[in-house]
Amino acid sequence: MRKARMPDRVETEILIVGGGPAGLSVASSLPDGVSALLVHQDREIGVPVRTSGGCWMSDVARLGIPTELAHPVNHADIYSDHEHLSLDMSSEPVGVLDVTSLYRWLASQSKAEIRCATKYLGSRREGDRIVSRLRASGQEYEVISRTIVDASGWHCAVLNALGLAVPPTRRGIGIEYEFSAPTHDPDRAVLFFGACVKTGYGWAFPTTSGSLRLGVGVIEPVSNQSPKVLVQDLLDGNALERMGLPHPENFHVNAGILPSVPYDTQLVYGNVVRVGDSANMATPTLGEGIRICIEQGRALGLALGQRSAPALSQWERAVRRKLALQYRIGFEANRRAAAYGPDDWDRSIARMRTLPSEDLLRFFRNDFTAKMIAHRGAQAVGRRLRKALGGA
């Protein structure tokens, strides 16, 4: 039987490139009557998994995510080589998301036609329209759109193709082993730093299915270590026993990359808009961005539905007000922590034990209060004074 040939050109109002939480959330909030096409390079929505799915249960409720898609965790242990912090998170529980099911839930609400196994190849301008080239089933065709949304992740594929931005060179790169862990306390998450993940960081999160996600990550190019080598070194040492974590067996591998650069407030380039990891929306403290992608993706979908430049500008300003200052502070913390050695982590976790749990949780959420910002400002002034006076 002859394969049906795709039309050489398809027309739509909005082309969304990327089927992660940002692109799917844009598609879910478009009003009726707006024609839209979402293209996704993977064969299925939500597979493979490229994130640990960390969130917060308060955001799960606020965003209307079904509670069965998030596993609540009320306790975290944070380790360095010689320090340990036991953190009660019952006032702000973490939610570990079932990533695949969540993305498919978002896709079920899409107002756009979703085309999986479709590769985005590039775009060019033709007058006031964008012409994009796609490939599916070995055939290439073009899509003409009034607006294009770059939700392609750290690749910034659309912006890069149009000469508007380049992919970031500073990136968080992680690898994670997910495996059945019936003996692990399902109410306990673990974060770890120091010699067992030298120049990197590690985590262990229980999931809705009773498995454990054990992973490590690095900031490239601050570190030239391979996460794959780091996780093998972790398994070969005795750190897992010290932290009370099981060794992975019969695991499958998740891996992902996210941008780790200062927040850029420009999101709208005329009829080209970026959102999600293309816009560096993952928090710089913990790198968790699904909740922000959903929130801002939905807001962008509503703005696009108004078919006006002022609506997009208003959305861009609202995101700037919400994220710019918070991310500036969070990125400074990220930059400093990326250069830490084992001794620095010992001192850092010892300091954490002196702080109220509410402040630590706000820090991890990248949610700094006016008091915290003022305190940080006072610390910066103090450092400058000590330097000016010749102090340490």
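## A quick tour of the fold

The protein chain has 11 helices and 18 strands, where helices (H or I, at least four residues) and strands (E, at least two) are DSSP runs numbered from the N terminus. This is a predicted model, in which local features need pLDDT of at least 70 and side-chain atom pairs count only at pLDDT 80 or more, while totals for chains, interfaces and linings use all residues. Residues are numbered from 1 along each chain as its sequence is written, and side-chain values use heavy atoms, with hydrogens and water left out.

**Overall build**

- Of the 392 residues of the protein chain, 53% count as buried; buried means under 20% relative accessible area, exposed over 50%, and partly exposed in between (1.4 Å probe, protein chains only).
- Along the principal axes, the C-alpha atoms fill a box of roughly 65 × 55 × 40 Å.
- Among contacts with a separation of 6 or more, 70% join residues 24 or more positions apart; contact means heavy atoms within 4.5 Å.

**Nonpolar cores**

- A nonpolar core is a set of buried Ala, Val, Leu, Ile, Met, Phe, Trp, Tyr and Cys residues joined through side-chain atoms within 4.5 Å.
- The largest one has 49 residues, and Leu-102, Val-275, Met-281, Leu-300 and Trp-315 have the most contacts inside it.
- At least two residues of this core come from each of β1 (9–17), α1 (21–29), β2 (36–39), α2 (57–62), α3 (99–108), α7 (290–305) and α8 (309–338).
- Another core, of 23 residues, lies apart from it and includes Tyr-79, Ala-181, Val-216 and Ala-239.

- Helix α1 is largely enclosed by the rest of the structure, because 9 of its 9 residues are buried.
- The cover over the buried residues of α1 includes β1, β2, α3, β8 (113–115) and α7.
- In helix α5 (residues 227–236), the buried residues are Pro-227, Leu-230, Val-231, Leu-234 and Leu-235.
- These cover an arc of only 140 degrees around the axis, so they sit on the same side of α5; the arc is that of the directions from the helix axis to the C-beta atoms.
- Lys-228 and Asp-236, on the other side of α5, are exposed.

**A loop residue worth a click**

- Phe-193 is in the loop between β13 and β14, and counts as buried because its relative accessibility is 13%.
- Not counting residues up to four places away in sequence, Phe-193 touches residues including Ile-78, Tyr-79, Trp-345 and Ile-349.
- Phe-193 and Ile-349 are 156 residues apart along the chain, with their C-alpha atoms separated by 9.6 Å.
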